[in-house]
Amino acid sequence: MQLPGTDASADHPLGRQLLDVDTLGAGGIDLILAEAARIRAGAGTARGAALSGRIVVNLFYEVSTRTRVSFEIAARKLGAEVVNVSATGSSVEKGESLIDTVRTLEALGADALVVRHPHAGAPYLISRYFGGSVVNAGDGAHAHPTQALLDLLTMKERWGDLRGLRVAIVGDILHSRVARSTTIGLLLCGAEVRLCGPRALLPPAGWLDALPTGHRGGRVSQTVSLASALRDAHVIIALRMQVERQRGGLISGLSEFVGLYGLTRQRLLELAPDALLMAPGPVNEGVELAPDLVAAPNSLVTDQVRNGVRIRMAVLKLLLGKEL
Ligand code: NCD
């Protein structure tokens, strides 16, 4: 599906926006992962050139460390100028509307906006008013496409083909934009996704029905049982409790969550001794993951962070770059 304002062409095969993975389809995902792998291998290094003269604005209305910094590093590595705008310290504090802010940034010469916003849909709205490229860096509980792509790249590096890969995603599925985008990406690549968490933090039935199952054999299920989600899993993705998005009373307390779903060395040994661990971060150590697990030998968390830069370079280059 083409989004309003996109213009897929030989130079810009993805069009001009990246708002979520569903609009990319399997072909778009393959293209980005292949470009990121080329960047990793150092082949066709467009370092310092592909985005020279372009201005990338990081427009972040929510806190972020790794996503904002990795977009910034990615854009700089491609030769772009980077400007960071956050809600605090900008005219947003004086009551400026999102659309006015976007129009102002366009008039100032921005070629791309990388947007993080607490409200689902904000990057979609922005893409209707901004003439350049818009990249969704996380909108509310809705989507986080570059996180999904870096997750896919990290798994592909390990397993090659993702068809039939068994992936358990554990924690606060309901409020997690990572769970949604990564699930869609995995399904489009043919993986088996098991969503697992307390009943109140699993998504409503219609959510699952709307997912793109059947591509390359991809399928999805959900369960409250950690043991059944983890059985024979190749990879486990541990999600943070999205307390900033939870309304009170959904779970009786963090200690109950930790008791039932918190991942510890012992629990992994019992339920999924061969699985590798991933987490989008930030990790609340002692909640979703025991403190010793992020740096454990079966953890891919650092690979994910490194792949974040490669994926964001690939995305920016494909959306904005001139062919050299
Ligand atoms: C995630 C996010 O912001 O959605 N973090 C990230 O981008 N690396 C997950 C989270 O905040 O828990």
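Helix axes are lines fitted to C-alpha atoms over the stretch in contact, and angles run from 0 to 180 degrees between N-to-C directions. Helices are DSSP runs (H or I, at least four residues) numbered from the N terminus. The model is predicted, so that local features need pLDDT of at least 70 and side-chain atom pairs count only at pLDDT 80 or more, while totals for chains, interfaces and linings use all residues. Residues are numbered from 1 along each chain as its sequence is written, and side-chain values use heavy atoms, with hydrogens and water left out.

**View 1. Crossing of α2 (66-77) and α11 (residues 301-320).** The axes of α2 and α11 come within 8 Å and cross at roughly 55 degrees, which makes α2 oblique to α11 (the class left after under 35 degrees as roughly parallel, over 145 as roughly antiparallel and 65 to 115 as roughly perpendicular). Contact, meaning heavy atoms within 4.5 Å, is made by residues including F71 and I73 of α2 and V309 and M313 of α11.

**View 2. Packing of α3 (residues 98-107) and α4 (residues 122-129).** The two helices, α3 and α4, pack at an angle of about 50 degrees with their axes 10 Å apart, and α3 is therefore oblique to α4. The contact is made by L98, I99, V102, R103 and E106 of α3 together with A122, L125, I126 and Y129 of α4.
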